[in-house]
Structure formats: C-alpha cells, structure tokens
Amino acid sequence: MSKTASLQKVTFLKLPEPLVNSIWLLKLKGALLPLIGLAIFMVLWNITAKNIDTSLGQFPGPVQVYEQSINLWNEHQAEQEKAAAFYERQEQRNAKRMAADPSYQPKIRPYTGAPTFFEQIWTSLYTVSVGFLIASFIAVPVGILGGLSKSAYAAINPLIQLFKPVSPLAWLPLVTMVVSAVYVSDDPMFSKSFLTSAFTVALCCLWPTLINTAVGVSSIPEDLVNVSKVLRLSAMSHVLKIVLPSSIPMIFTGLRLSLGIGWMVLIAAEMLAQNPGLGKFVWDEFQNGSSESLARIMVAVLVIGAIGFFLDRLMLLVQRKVSWDKSQNLR
Amino acid sequence: MSSITLLSTAVFADGDWPEKEELKLGFIKLTDMAPLAIAYEKGYFEDEGLYVTLEAQANWKVLLDRVIDGQLDGAHMLAGQPLGATIGFGTQSHIVTAFSMDLNGNGITVSNDIWAQMKQHIPHENGKPVHPIKADALKPVVDSYIAQGKPFNMGMVFPVSTHNYELRYWLAAGNIHPGFYAPHKGDISGQIDAQALLSVTPPPQMPATMEAGTIYGYCVGEPWNQQAVFKGIGVPVITDYEIWKDNPEKVFGVSKEWADKNPNTHKRLVKALIRAAMWLDANDNANRPEAVKILAKPQYVGADADVIANSMTGTFEYEKGDKRPVPDFNVFFRYYATYPYYSDAIWYLTQMRRWGQISEQKPDEWYFDVAEKVYRPDIYAQAAQDLIEEGLASADGFPDFASEDGFRAPQTHFIDNITYNGKAPNAYLEKFSIGLKGEQTL
C-alpha cells in the first residue's frame, strides 16, 4: 500500500515517464541509498577518527580496523597451528606415561591456549542461545497463563513492571553469588561464568516475550473462543488448537524483541562474569591498552552489530513463516 | 620444541603423578605474571604433565573470589591477598602460597600538573632531579590542596595490595598521612584522618583514571607507570625498589583445600614456575627481550612491546627522556626471589596492623602463626629438590633448605632508613611516627 502510494507521488511530481522506468529507478534507489549512507559514514568516520587523540593513540579509522580484522584472522590461524602441535605433544606424553604407569587412563584434553576472536564469537552465540531458550521456556507458558486468565495477569503484572527495567549489571552480582553457591560439582559440565552470563541474559530478555504472549493470548477473537466452547475442547486442546495458533504472531514479535535485548545484555554480562566471549574480548583489549587495542575493539563492535542484525533477520524469517496474517507489514 | 626433548627427564622421574591434570590459572595483566606465561609458552607446565589454561581476570577481587569458589585452581596474587583472606580482612578463606613470584616491579606516578608543583621542591643536580624522590616534595602540594579544601586523591590497586602499603609507606615517610582503616567499625575505606585519600582502581585503568582527573597519582605495577610516560600524561617519581630495596611482590596462591587435595599437582606447578623464573633471570636477563615479546601478546599483558620492554630490560624512564638504569627493577629468581620467606609475610602483616586493617594489637607469636599458616616453604623445598635431582636446577640457586628458618636477616634499605626485623614485629611497629602501634585502637 505505502509503496504504491509513494510511487504515484514520485511519478506524478517528478518523472512523468513510463511506470516501468520508475520501478527500475526505485529498485536502484533501494540498493544505492544504503551504499551512499555507508559511504558518507565511512568518510565521516575517517575524518572524525583522525581528529580524536586518545591516550592510546589516534582513534581507529576504517583502515586500522580493516588491518586489525586481518590481524585477528592471522592470530586465529597461528593458534590453530599451535593447537595441532599441542595435540601431537600430548599424544607423545600419553604414550610415555602409559609405558611408565600402565594403570593410567590416557585422555586427550582440549587445547589449553587462549581462545581466539572467532572462538569467542561462538562462545557468545552459544551463551546467548542458551539464555534465550531458558527465557522462552519460562516466558511463553507464563505469558499464556496471564493471557488466559485476567486474575493471573493481575497477579503477574506488578512483577513484570518491577523487573522489566532492571539492568543486567544489577542482576549480575546476585546471579554470580547464587550460581557459585548452588552449582557445586567436582566435574562441572558448564563453567560458572557461562551459567552466570546465560542466566543474566535470561533474566533480562524474559519480559518482552512474556508481555507479548499475554497480550496475544488475551486478544484472541471472541468467535474463536466461542468455537472452542461449542466444541467443548479440553483446556489442553483449547490452548494447543485455538490459543497458540492465533497468538503465534504476537509471541514471535516478543521473541524477536527478547533476542535483541539478550544479545545486548550478553556483552555486558560477559565482561563482568569473565565468560570467554565477545564481551570478555572487549574488556581484555581495553585492559591491554596497546596502540592496537581500540582498533581491535572497533572490530568487535562491528561484529557484534552484524551478528545482532543477523539474529534479528533470522527471527524475522521465522516470524514470517509462522505468521498466518501475511498482509501484516513486518520489518 | 625443546620442551619435547626435556619430556623424559621431567615427567617420569617418579610415581608422584598429578592428581589433577587440567588446570585453570588466573592472572592480572601485569608484567609480573611473566612466570606463568613463560611456564606455559616454554612447555614447563606440560613437562610436569599439567595442562594449564591461563585466563586474565577482571580485577583482584574477582580473581580471589574465583580461587576461593574453585573456578580457578590457582592464581597470580598480591602478597597481601592470601594473608588478608586467611585472617579475614575482606573475604575470609584460607589461602596458601608456596611460590613468591617476584621482587620489586612497582612505581608511583603523579600527573603532569602535580609533577610541575612538586618539582620546585626537589633538589636538582646537572639539571636533573636527584633520586630517590621523597614524599617531602609532595607534602607542600598536598598541604595547598587541603588549604583550598580540595581532597587530594590517589589510586592504588587493592586494599591489601603491595601498592597500597608502598604508597602509604612512601607518603608517611614524607609526613603525609594516608589514613587508617577501621574494619571493626565497618570502615574499610581506609581514609580516617587521611591527608591523601587513597582509593582502589584496577591497574589497567590507572592511566585513564588519572587522565580523567579523578586521581592525581597512583602506585601500580608495570607497564602502567611507563604507559603514563609514553602517553605523556604523568611522571613516575619513584620505584618501589627505592622505597624498599628488593621487596617481595606477587605470590602464586591456591586455596588450602585445593592444596590439601592436590599435593603432587601443587608441587609440580611450583616446579614449573621455578623453572620459568630461572629462565627469566638466566644469563643476566638475556632472555628478557624474548619474554617481552611473549608478554606483549594480547592474551597476556597485551600492552605495546616497547612499553613493557622499558622496565623488563633493566631501565626505567622517569620524566620523559630521563631514562635511568634500574637493573633490578624486575627480579624473578636471583636473591632467592621465589622462596616464600615467613619474614616477607610478617612485613605485610605489620603494615596491615600499622594502617588499622588489623584493628587490635596482636602478640609476636600471632604474626609467626599466620605466616606459617599461609606461607609454605616446605612445598617449595620439595619442588626445588626434585628439580635439583632431575638436573634442571642447581642447588646454589636456592637457600640451604636444611638450615633455612624462613627469616631473612634484618633488612635495611628502606626509604626512611628504618630496619625491619621479621622476628620482632611489634618492636618494628614502634619505630614509625605515623601508624598504629602497641595497644592503640581507633
């Protein structure tokens, strides 16, 4: 609708040419404008960076950031080689120890070197997924409950309002202490820093899903509810056959918001919990204070942004797939 | 690859296999974490059958908490941390150390502005300030701030850090009161009666905090003093070598519980660390340039190599261009640097008492008991003897274990010329004009 409207305007005001031509132009505009925006940003970035002198040297411009991204890749490659040598040495050691001590159960341990930037990206993605899944498993059922029953919603609502605005930095010390106290194991499956980060993410990204689910469920058309009543569906089938399908678009809107918040929160959580992901990368580089640190942090900033964008698009795709109302304008 | 050739001699000496082979050790980004990085890079940990992961920690508190709750098997610690934790100043937990990581390595830096005001009060020779610079030169500056009603803020890295005690020692020697702690009243800010207000800032943030004007100066380890010179934001006025020649600095700490559970692993860790310390000091610091390259990697200290090199290779740059030789700025092995002397532990305890972190008078016996609980030269001796037997170290690098009682001979070479005798802690405290002594309480 809006597209055709603007199209008419353009053709009417400026270009009294055949319509086909205008469509082609529009497509070009669609591709060109973001590029122009990017180019202007690059130029501004470059100029501004040259004029900012920090105690760690000049603020990094696009060139330095490009160099550092190459550097990070090279470091990753070098680390792979070191890892290969590590495994080789380990096998030799194991063999010798077996010879000296036959009762020894040889074991191949994972490489002990520092995680590279690319491994840290994976750690971050893994952590945010776990946190997001925990949040979703709590938020969707509670949201459905709140949507179905007005009294349940009245009971949960103050809690939602109270906890929704709390910053991850406030949760983190509490979560850290609880995890250290509760999760005691000789051979832990997960590291505490991972659990702390994941739970903090979960606590912060719970709320949009919860609220959207409740709203989605409570706004099911009256007709559908009546159908369910006429058919005398059991409570379970009512939820599965009527409530879920009709509130799925809203639930996914909530999930998408939640994932976005989760990704933002994760970086802060990792910084403080020392979970070896992108947050720790940024913190460590800040602490390094070398002349390359700022450029390396800038690489991380761009990667964090790109991944956030990618995650959002991914959720959008899923949202489009599950949404029955195809006329809805999703963006 | 040299590590592979050493494999047979080191690991398979006898049947004392490590109880735990995969270890995670924490450190703070400071050059004195070098023994850990070297033991890893040179394969000394692997030679002991240990698979060690080194992980930088956000700050000293996080590091200590993670050793206490078992997320870290051990860590590079401030000498005061195991002592403070064991006697319950801060988080209470029994921590032990069997390896002292280095001597010296810190400095006190002030901002350019303060330096300009201080400089008028410092005697000059050949156009250069005469060293060591005493806090007497800072005293008029602090007085003028107090007269104007402005607080004189300085930074140190942790309440039980060497840096806190060194900065306090230097200030008090120049008649500037650095303030008391009163933990029994819940006051752990350490600013009671203070003329200079000290507060905690993590080492890597020191230069930035000073640049922002939050603090006027700080005491910190390298490379953060040289960083200030390099960035032109401040001037180091004194190194801790000049405050107390060859003072013990960092230690390698583990929890008592962990040490009891993993005696072989602990001994093997100490063996690897001793070899790393030997490597760092070998042939008159010949390996230091290589060490600098390793430390400059982003996963270790990560600062620029030329900044780290400034202090690691035997020189120290005070004012920009005023580079002076300080061959012993960082000592990792010589002078028995790695041996955990009881007297070193007791010096830290005396300073805790002096500044009120220990609120009541304790008998001399108490000092000896705490030192014995925390410092474990017995484990160090076992590790060293193993190395000697394996031909990896020579006996003359170590104290004579049969006769060593753990007390260094009374030490002089303090900036205020007071002699320290570890065998008489209470008598030592009496010698200071500023500080708690005898039965004094706050």
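**Exercise 1. Describe the second largest pocket: what is its volume, and which elements line it?**

Step 1: the second largest pocket comes out at about 530 Å³. A pocket here is an open set of points on a 1 Å grid over the protein atoms alone, where a 1.4 Å probe fits and protein lies on both sides within 12 Å along at least five of seven lines; lining residues have an atom within 4 Å of a point. The volume is the space filled by probe spheres set on the points, which are joined across faces, edges and corners.

Step 2: it has 23 lining residues, and the closest to its centre are A:Thr176, A:Met177, A:Leu272, B:Val62 and B:Asp65.

Step 3: two or more lining residues come from each of α6 (168–182), α7 (192–218) and α9 (235–273) of chain A, and from α4 of chain B. With 6 residues, α6(A) gives the largest share. Helices (H or I, at least four residues) and strands (E, at least two) are DSSP runs, numbered from the N terminus.

A word on the source: this is a predicted model, where local features need pLDDT of at least 70 and side-chain atom pairs count only at pLDDT 80 or more, while totals for chains, interfaces and linings use all residues. Residues are numbered from 1 along each chain as its sequence is written, chains are lettered from A and ligands numbered from 1 in the order in which they are written, and side-chain values use heavy atoms, leaving out hydrogens and water.

**Exercise 2. Work out the strand order of the open sheet of 5 strands in chain B.**

Step 1: the order is β2-β1-β3-β15-β4 (chain B), and the pairing is mixed. Strands count as paired if DSSP finds at least two bridges between them.

Step 2: β2 (51–56) and β4 (95–100) of chain B are the edge strands, each pairing on one side only.

Step 3: look at β4(B) and β15 (residues 250–255) of chain B, which pair in the antiparallel sense over 5 bridges. Within β15(B), B:Phe252 is the bridge partner of B:Phe99.

**Exercise 3. Is B:Met156 buried or exposed?**

Step 1: find B:Met156 in strand β9 (residues 152–156) of chain B.

Step 2: its relative accessibility is 2%, so B:Met156 counts as buried. Buried means under 20% relative accessible area, exposed over 50%, and partly exposed in between (1.4 Å probe, protein chains only).

Step 3: leaving aside residues up to four places away in sequence, B:Met156 touches several residues, including B:His163, B:Leu198 and B:Cys219. Contact means heavy atoms within 4.5 Å.
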